[in-house]
Structure formats: C-alpha cells, structure tokens
Amino acid sequence: AEEGIAYHAFLQHVRFGAGAGEELARMRAEGLLSEDRLALLDEEKLRRILALPSLREAAAGGRVLREQTFLLSLTAREAGIAETDDPIVFQGAVDLLAETREGWLLLDYKFSSRSDDALRSGYAPQIALYKKAVAKAMRVSEDTVRARILNIAQCREIGMD
C-alpha cells in the first residue's frame, strides 16, 4: 500500500514532459515527497509509467487538473442504482483530468496485481460516476469524456469507455 501511495504522490506532482530522474531530483529538492516515499520509487518504472499513452496525451493537451474533488447529486435512477428518483449525493476525487483535442480524459490511478478485466469490472461503477461528475462540471456531454485506469503496479492502462 505504501508503494502505491508513493507512486500516486509522484504522479500528483510530476511535471509532464520532464524526465523521471529530473522529477525525482526536483521533488527531493523541493521537499514534495518524503525520503521514505522517494525510497519506494523505481526510476525505470517511473519512465515506463510516464510513457503510457494516456499520460503522454495528457502532457500534450491543454489544461491538466489533478486531485479534483467533487460532489455530485444524481437520482438513484441516473446513478443506475434503483428505479426511483430519490436524490443521492456522491463524493469523490479524480486523480487526473486532462483537456485534449478529443475532449476530456479522466485518469484514475490504481496500484494492483489484479488483471485488466478484474479492474475494469470492479471499478466500472466508480468510473461511470466520475464520468458523470466530469461531464456536469465541465458542461459537456458524457460521451465526450474518455476514461482510463492506470495500473501503476503493472505499468498498464485500461480503457473504460
């Protein structure tokens, strides 16, 4: 768990487009990550993570928003939970939201040994709610919000569209 937190923290502070080694040195110098967290990070693994297509796309796009918290009010029907119009409030945090040429790209970081299919099915309800929240907040159609899970442990991205 601590290793996953360390990688997540690195991605929270990384300047996209910079090299992994350069960013590790900057984060150390600026005190952005503790020495304990830095010790858990592998520079080669960070290079592979930063080379994932979704992170490269986020780096090349427009605005990049990190750790965006939200409150979303939906009916139970809209949320797909029940066939009633009772209101439900959801709270969450989007790890990374990037404005790209194709619209908004939502990235959710996971640190897991589970298969892509297991992560996709296990987190589909969460990602669906996050897409609804992004669409509402950015005043765009939900169809224009693409989502990916980045499995940091395996240096893989999983499409959730």
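**Close-up 1. Helix α2 and the elements around its buried face.** Buried, as used in this predicted model, means a relative accessible area under 20%, whereas exposed means over 50% and partly exposed lies in between. By that criterion the buried residues of helix α2, which spans residues 20-30, are Ala 20, Glu 23, Leu 24, Arg 26 and Met 27. Seen down the axis of α2, these buried residues fall within an arc of 165°, so they line one face of the helix. An α-helix has 3.6 residues a turn, so residues three or four places apart point the same way. Just after α2 comes Gly 31, whose phi is positive, at about 70°.

Close-up 2. A search of the whole structure finds two aromatic pairs, and one of them joins Tyr 7 to Phe 111 in a stacked arrangement, with 6.1 Å from centre to centre and 20° between the planes. Because Tyr 7 belongs to helix α1 while Phe 111 lies in the loop between β3 (103-110) and α7 (116-138), the pair ties together parts that are 104 residues apart in sequence. Tyr 7 counts as buried, at 1% relative accessibility, whereas Phe 111 is partly exposed, with a relative accessible area of 33%. The ring of Tyr 7 also has the charged end of Lys 45 sitting over it, 5.3 Å from the ring centre.

**Close-up 3. The aromatic pair of Phe 70 and Tyr 130.** The ring centres of Phe 70 and Tyr 130 are 5.2 Å apart and the ring planes stand at 85°, so this pair is edge-to-face. Phe 70 is located in strand β1 (residues 64-75) and Tyr 130 in helix α7, so the pair ties together parts that are 60 residues apart in sequence. Both Phe 70 and Tyr 130 are buried. Within the sheet, the bridge partner of Phe 70 in β2 is Gly 92.

Close-up 4. The strands form an open sheet of five in the order β1-β2-β3-β4-β5, with mixed pairing. Its edge strands are β1 and β5 (156-159), each of which pairs on one side only, and the twist from one strand to the next averages 40°. Strands β1 and β2 (residues 87-100) run antiparallel and are joined by 11 bridges. Helix α1 packs on the sheet, where it touches β1, β2 and β3, and its direction makes about 105° with that of β1. Helix α5 (residues 53-60) lies across β1, β2, β3, β4 (145-151) and β5, and runs at about 135° to β3.

Close-up 5. Arg 139 is found in the loop between α7 and β4 and is exposed, with a relative accessible area of 76%.

**Close-up 6. Ala 39 and Ala 133.** Ala 39 lies in helix α3 and is exposed, with a relative accessible area of 66%. From C-alpha to C-alpha, Ala 39 and Ala 133 are 35 Å apart in space, and they are separated by 94 residues in sequence.

Conventions:
Residues are numbered from 1 along each chain as its sequence is written. This is a predicted model: local features need pLDDT of at least 70, side-chain atom pairs count only at pLDDT 80 or more; totals for chains, interfaces and linings use all residues. Side-chain values use heavy atoms; hydrogens and water are left out. Buried means under 20% relative accessible area, exposed over 50%, partly exposed in between (1.4 Å probe, protein chains only). Helices (H or I, at least four residues) and strands (E, at least two) are DSSP runs, numbered from the N terminus. The arc is that of the directions from the helix axis to the C-beta atoms. Rings of Phe, Tyr and Trp (its six-membered ring) pair if their centres lie within 6.5 Å; planes under 30 degrees apart count as stacked, over 60 as edge-to-face and the rest as tilted. A charge sits over a ring if NZ of Lys or CZ of Arg is within 6 Å of the ring centre and within 35 degrees of the ring normal. Two strands pair if DSSP finds at least two bridges between them. Axes are lines fitted to C-alpha atoms, for helices over the stretch in contact, and angles run from 0 to 180 degrees between N-to-C directions. Contact means heavy atoms within 4.5 Å.
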